[in-house]
Amino acid sequence: MAIRAPRSEAPAWLGSAAAAMMLTFDVDAEAPLLADDPGHGANAMLMAHQSFGPLVGVPRILELLAEQEVRATFFVPGVTAERHPSALESILAADHEVGHHSHSHPRYVDLEAAEEEDFERGLEVLRRFGVDVRGHRTPLSSASPRTAGLVARHGLSYESTLMDDDRPYRLMTGEGSIIELPPYWGLDDWLQYVNLPVSESFRVKPVADVIAGWQLELEALRREGGLCVLTMHPFAHGRGSRMRGLRALIADARAAGDVVFLTGAEAARRAEADPALAVRELARLLPDPDPAVYPAW
Ligand code: ZN
């Protein structure tokens, strides 16, 4: 049996913890479907399915977080804030963090100048509600070469989109540096719990399998000194059995005794203060394919 070598030195951003957990909720509601096709706005069934998030999921999640005494980060698109202001207000009243998640939830990688317009519009809506916006998550994991630079240029401290690590790092964007707090599709409930009749289908997995997988992931990250970023959507996660699964996961993490729960802003602050934090360059992340190797199709 292999004996695991002890971790050389705990990173400063973790403090005395073995791993950090970030509970994040993307309050997408109707936005991604309207961005896909505005005609979906006339689909009562589909719109009702999505509005479950702000109407029922968010209050239920807030209750669970209060019971477990943990703070979370809610990434809210501008259109969701405008359509469901009481959901946003209740999140703020419960002292959770609210982050930027675009205005209309388009695929940023498909946009050019319109990306900045959408970004600024969503930011302006959140600020109108009094949100001190510190971080951003790109809709549909669709970061373009411009996105991280926009986050830096607008004075935000972090982004939680790119997946090239499972620990925080400093990202040099060319327009200033930000902290990246990497999420991971394996820890995203969309791929586990969402199957909509109008978009790409995934096989819905049983709650017990999802939670068992996430528990294993957290266990591994406790050995690696990692950041466990759970990405959840209130329209998908606010249902009875899934909420029970989340409660069990949080309780297990607490019982481990060496997992610290952080909001995105808290994780970014710790990462910024860590002198040994890894540094990466956005330009280095983006290859410029050699046409001799990759001829145009
Ligand atoms: Zn989203």
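View 1. Helix H1 (31-36) and helix H7 (190-193) each supply at least two residues of the lining of the largest pocket. The model shown here is predicted. Of the helices, H1 gives the most to this lining, with four residues. The largest pocket has a volume of about 670 Å³. Its lining counts 29 residues. Nearest the centre of the largest pocket lie His105, Arg107, Leu140, Ser141 and Trp190. By class, the lining of the largest pocket has 12 nonpolar, 10 polar and seven charged residues.

**View 2. The second largest pocket is lined by 14 residues.** The second largest pocket has a volume of about 240 Å³. Which residues come closest to its centre? They are Pro11, Trp13, Arg167, Ala276 and Ala278. The lining of the second largest pocket divides into seven nonpolar, one polar and six charged residues. Rolling a probe the size of a water molecule over the atoms shows where empty space is left.

**View 3. Helix H8 packs against helix H10.** Two packed helices are described by the angle between their axes and the distance between the axes. H8 covers residues 207-224, and H10 covers residues 240-256. Their axes come within 10 Å and cross at roughly 20 degrees. Angles under 35 degrees count as roughly parallel, so H8 and H10 are roughly parallel to each other. The crossing of H8 and H10 is right-handed. On the H8 side, the contact is made by Val207, Ile211, Trp214, Gln215, Leu218 and Arg222. On the H10 side, Ser241, Arg242, Gly245, Leu246, Leu249, Asp252, Ala253 and Ala256 take part. Eight residues of the contact of H8 with H10 are nonpolar, three are polar and three are charged.

**View 4. Helix H2 packs against helix H4.** H2 runs over residues 44-68, and H4 over residues 85-93. The axes of H2 and H4 are 10 Å apart, at an angle of about 5 degrees. That angle makes H2 roughly parallel to H4. Which residues of H2 meet H4? They are Pro54, Val58 and Leu62. Their partners in H4 are Ala87, Ser90 and Ile91. The contact of H2 with H4 has five nonpolar residues, one polar residue and no charged residues.

**View 5. Helix H2 also packs against helix H10.** Here the axes of H2 and H10 lie 11 Å apart, and the angle is about 25 degrees. H2 and H10 are therefore roughly parallel to each other. Is the crossing of H2 and H10 right-handed or left-handed? The crossing is right-handed. From H2, the residues in the contact are Arg60, Ile61, Leu64, Glu67 and Gln68. They meet Gly240, Met243, Leu246, Arg247, Ile250, Ala251 and Arg254 in H10. By class, the contact of H2 with H10 has six nonpolar, two polar and four charged residues. Leu246 of H10 takes part in the contact with H2 and in the contact with H8.

Definitions and conventions:
Residues numbered from 1 in each chain as written. Predicted model: local features only at pLDDT ≥ 70, side-chain atom pairs only at ≥ 80, totals over all residues. Heavy atoms only, no water. Axes fitted to C-alpha atoms, helices over the stretch in contact; angles between N-to-C directions. Parallel < 35°, antiparallel > 145°, perpendicular 65-115°, else oblique. Left-handed = near helix turned anticlockwise from the far one by under 90°. Contact = heavy atoms within 4.5 Å. Nonpolar A, V, L, I, M, F, W, Y, C, P; charged D, E, K, R; others polar. 1 Å grid on protein atoms, 1.4 Å probe; cavity = no way out; pocket = protein on both sides within 12 Å on 5 of 7 lines; lining within 4 Å. Points joined across faces, edges and corners; volume = space filled by probe spheres on them.
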